[in-house]
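Dear colleague,

I am handing over the structure below, and after it you will find what turned up when I went through it. Please keep the model open beside this email as you read.

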Amino acid sequence: MTSATDQYPNLLSPFDLGPTRLRNRTVIPGHSMGLSHFEPGVSDRYRAYLVARAKGGAGLVGIESAPMHETTLNSFSSASVITDAATPALAKAAEEVHAAGAALSIILWHGGHNVQHRGGSPFAVAPSPIPSFRARETPKIMTVKDIGEIVRGYGEAARRCREAGVDVIEVQTATDYLLGNFMSHRINWRDDEYGGSLENRMRIVVQALEAVREAAGDKITVGVRTSVAHQIPTDPEDFDIEDSTACMQYLAERGLVDYVSLITGSHWSMGGSIPPMTFPRPQLADEGAIFKKHIDVPIIVAGRIRTASEAEAMLASGQADLIAMARTWIAEPEWVKKLEEDREAEIRPCMTCNQGCLGFVTRGQPGTCIINPVAGRETETAAIEPAATPKHIAVVGGGPAGMEMARVAALRGHRVELHEAASRLGGQMRWAAEAPHREEMLPAITWWENELQRLQVRVHLNATVDAANVPQADDVVWAVGAAPGPTQIWRIRPHLRDGIPGTDGLPHGRDILAGVAAVSGNVLVIDEEGGWPAVSLCETLAASTDVSAVTVTTSETALGAPDLDLYVESLDVAARIRSAGITVHPNTLVESVIDGVATVHGGDTLGPFDAVVMATGTRARAVPDDALAVGDCIAPRSIWAATRDAAVLARTI
């Protein structure tokens, strides 16, 4: 039998990164998880998250982009190294990560014009008066004195990292953060010694790295994270790979960096920096090869690397020296450990859905993962321990809540049976996964199915259970999810208790996605739910050969809004909607439907249409009084809420 070491010899081999020797070539780059609660250094919650991944076999565990100067305080709960108060907590994190067998890195970050004055800094700063695309902040133009203070701040932050025992210091030059802003000939308009020529634009970066190296000493690895390109959509002469390699070569030739870590994009194109599931996989393999050709230091490559075979292929072909995976390790904290133990099939697959990690952080909440709801919640979630008294557990419903409930209960030693009314497991998550452009959600469902089989959970498909035929078991857990409903109409118009006049009996979008209803011809979608359900419904209809045209009225500003999980995909989704020929009427409320004609608020009409479909949310399915329940049958929420409910209950039942 071929072992993982034989199959992935490059990936699992140690690597010397200057002063730091890694136990393998797997790097977890700093990924903003918002777990530090504005505490100096690393919070207890964030430390537990990092240590769990160190125990899982990562060679190098990275702390997220950490504010290193008072002018870069932000509104997210990031780890910070702005004052000496950060050192004790940072030292505790380093000690525990080392004890778990991994090295610890940190990214020193200045957000530049992306820092919001409402987040703690009095104003944003930048080389030029260009507002941030996302934060919409118009920055203060930095003086030479300001630059000197920032450079000293890098040195002071590096000293704190050295005193805390950090192994690797990474300086953030990616995207249009402060140093990346200076590096770009397109957004650095200065005409002094910090603008114009490559040497001038790189001056602050060189000075910052010199300050970091002097403070860090010769036992700490120093590198940079940078963008392959900024990808400003409207710019014909964008900061591109030639510019980026020239900047990194300039640093490497001066001995200032021990490695270069690659991402791409900027705040003008966040889909590049945090690529969604529609982007190629791996994202930057070819670009990594170009950097390796021009730059004589190790190259770390990130971007939608999900499997060991993908990582090994990049290493073997010379596209990278080390592999960086952030979201992959959020989903699976034991990624390398399971490889080394020849348990690759048990690795939880990241879906690149951005719903738990990015989606939570952009809402100001601690990041997590919908397939691994313990991520970011390690300090508040009990370990999976054998049950004191094994029971016979019946789980009713085979969506994410039911599958996670059955999985964890079986891990604890219970005898578990799962009853699902449909012919396949997955619930509404499967409907989403089978919609256009969402197929990377399917491996997660397959993982749950495989885990249930491995753990000998008995699965009954096409098994309808209700209050009249409750399974005989010590405990019955209901996970029957939600049914189509008009609930989101009431969000805006609670007086429409019976729904929009004339829409009673019209097919619901969930029924279309489930395949239990079908429409044809010229179709109107009435959307008051927004987010991915509306997008997936419209793309499913547009892809149908029976549908000739799709028109959408949405109560939101755009199709898919206001779902913040979409914000890195908004441009991509908008382009797909246009390409599919879907007509969208934003900020539009339908007041009635008669004979396929919709009257909208204000009196205008649309139609006639051959079919009208309702995208108006879901309602909780009924369960017996005082029953054990998880997921949307309690209240319709998100996939994370469903799996989180199950993860908590299964640990206590």
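A polar contact is a pair of N or O atoms within 3.5 Å, where, within protein, one atom must be able to donate a hydrogen and the other to accept it, and where residues adjacent in sequence count only if both atoms are side-chain atoms. This is a predicted model, in which local features need pLDDT of at least 70 and side-chain atom pairs count only at pLDDT 80 or more, while totals for chains, interfaces and linings use all residues. Residues are numbered from 1 along each chain as its sequence is written, and side-chain values use heavy atoms, with hydrogens and water left out.

With that in hand, please look at H113, whose side chain is joined to the side chain of D176 by a polar contact of 2.6 Å. H113 sits in the loop between β5 (103–109) and β6 (125–126); helices (H or I, at least four residues) and strands (E, at least two) are DSSP runs, numbered from the N terminus. H113 counts as buried because its relative accessibility is 0%, and the cut-offs here are under 20% relative accessible area for buried, over 50% for exposed and partly exposed in between, with a 1.4 Å probe and protein chains only. If its neighbours within four places in sequence are left aside, the residues in contact with H113 (heavy atoms within 4.5 Å) include D176, N181 and W268.

T72 belongs to another loop, the one between β4 (60–67) and α3 (87–99), and T72 is buried, with a relative accessible area of 0%. A polar atom of the T72 side chain lies 2.8 Å from the backbone nitrogen of G111, and G111 is also listed among the contacts of T72, together with residues including W109 and H110.

Strands pair if DSSP finds at least two bridges between them, and two bridges join β22 (residues 597–600) to β23; A598 has L606 in β23 as its bridge partner.
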